[in-house]
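Q: I would like a close look at one part of this model, namely its paired side chains. Please set that part in the context of the whole chain.

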Amino acid sequence: MFNHLFRLIVATVFFSVPFSGHLLAKTEDVCVPHFCVQTITDGNDVAVIGINKSDFTPYSVKFDLELKNMDVFPEKQRREFVVPAGQRLLLFVLRGKENAAWSYRYEFRTQNGDVEAVHDKEFKYRVPIAKGTSAYVSQSCNGTFSHFGPSKHAIDLTMNVGTPIHAARGGQVIAVKEDSDKRGNTKDFIDDANEIKILHDDGTIGFYVHLKKDGALVEPGQHVRKGEKIALSGNTGWTTAPHLHFEVFTVNENFITHTVPIKFATSKGIVSCVDLGDISPG
């Protein structure tokens, strides 16, 4: 089981320049985990730059602005941006009006993932186990225990610890955690789950959770093919029994990660929102 905890990181900054004040060039950084907003002030111009400090994960950032005697370029109402992994990107420029005191306040929030991603609804995902084997679907989409709200399209597959896990879709490994041997049946253990995240070519992220300690068979930055063996299943984190939690997620307009509906190619055909019971790769 797994249920999203939305770790939105929010920061607020205020800056003011008095009328007729002389402002020298100045650079300031405001940083949260994995992301910095840098402002470079030169005269009446303030360049706002996003810096993604993650090696492999794209980050989305959203701004709320309060401006006094300032214009913003480019002029657009939505202030949402995606900064690719490891990149520094000019987001927008604020310009103070001549012969006037000006000020700005901004709040920004970040989320791992791509707010502009559009899921390929026709893609056929592989059941993430070896061909010729089966697993028991113990919780499917809209599961009453933990698959509701943003997690409603997830699936839980009951299996023994150490069962090989295969990539349901190809992509780049962007995160690996495999150092935990802790588990429990309350949300207090949610951060103790071992997991792998794979970035797909449509910007969505495949999420494999509750893996065995030291059970990852891939590394961040590695590209994997659909069906490639990537991990060993386990029983770590918030769980009541050994199983694999699998989902595909993206970032919605409220900057919350949420699962998307997916289709599995199974031995019984193409299935959406699989039924409880045994399932095998097609």
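Which side chain meets that of Arg 109 in a salt bridge?

A: In this predicted model, the side chain that meets Arg 109 in a salt bridge is that of Glu 107, with an N to O distance of 2.8 Å.

A second salt bridge joins Asp 202 to Arg 169, with 3.1 Å from N to O. Asp 202 sits in the loop between strand S16 (194–199) and strand S17 (205–216), while Arg 169 sits in the loop between strand S13 (164–166) and strand S14 (171–177); the pair therefore ties together parts 33 residues apart in sequence. Both partners are classed as buried: Asp 202 has a relative accessible area of 14%, and Arg 169 has one of 4%.

Another pair is formed by Glu 66 and Arg 105, whose closest N and O atoms are 3.7 Å apart. This pair links distant parts of the chain, since Glu 66 belongs to strand S5 (residues 59–68) and Arg 105 to strand S9 (residues 102–112), 39 residues apart. Glu 66 counts as exposed, at 54% relative accessibility, whereas Arg 105 is partly exposed, at 34%. In the structure as a whole, a search finds twelve salt bridges, among them the pairs Glu 107 with Arg 109, Asp 202 with Arg 169 and Glu 66 with Arg 105. In general terms, side chains of opposite charge can pair when their charged atoms come close.

Charge may also be viewed across the whole protein. There are 31 positive and 33 negative charges, and their mean positions lie 3 Å apart.

The covalent links complete the picture of side-chain pairing. The structure holds two disulfides. In one, the sulfur atoms of Cys 31 and Cys 36 are 2.0 Å apart. The torsion about this S-S bond is about 105°, so the disulfide of Cys 31 and Cys 36 is right-handed. Cys 31 is partly exposed at 43% relative accessibility, while Cys 36 is buried at 5%.

The other disulfide joins Cys 141 and Cys 273, with a sulfur separation of 1.6 Å. This pair links distant parts of the chain: Cys 141 lies in the loop between strand S11 (135–139) and strand S12 (155–158), and Cys 273 in the loop between strand S24 (269–272) and strand S25 (277–279), 132 residues apart. Cys 141 is buried, at 14% relative accessibility, but Cys 273 is partly exposed, with a relative accessible area of 40%. With the bonded cysteines numbered in sequence order, the pairing reads 1-2, 3-4.

These pairs belong to a protein with 25 strands and zero helices. Its C-alpha atoms fill a box of roughly 75 × 35 × 35 Å along the principal axes. Of its contacts with a separation of 6 or more, 70% are between residues 24 or more positions apart. Of the 282 residues, 50% count as buried. The accessible surface of the protein is about 13,300 Å², and carbon and sulfur atoms contribute 50% of that area.

Notes
Residues numbered from 1 in each chain as written. Predicted model: local features only at pLDDT ≥ 70, side-chain atom pairs only at ≥ 80, totals over all residues. Heavy atoms only, no water. Salt bridge = Lys/Arg side-chain N within 4 Å of Asp/Glu carboxyl O. Helix = DSSP H or I, 4+ residues; strand = E, 2+ residues; numbered from the N terminus. Buried < 20%, exposed > 50% of the residue type's maximum accessible area, 1.4 Å probe, protein only. Disulfide = S-S within 2.5 Å. Contact = heavy atoms within 4.5 Å. Areas by Shrake-Rupley, 256 points an atom, 1.4 Å probe, with all protein chains shown as cover. Lys, Arg positive; Asp, Glu negative; His and termini not counted. Charge placed at Lys NZ, Arg CZ, Asp CG, Glu CD.
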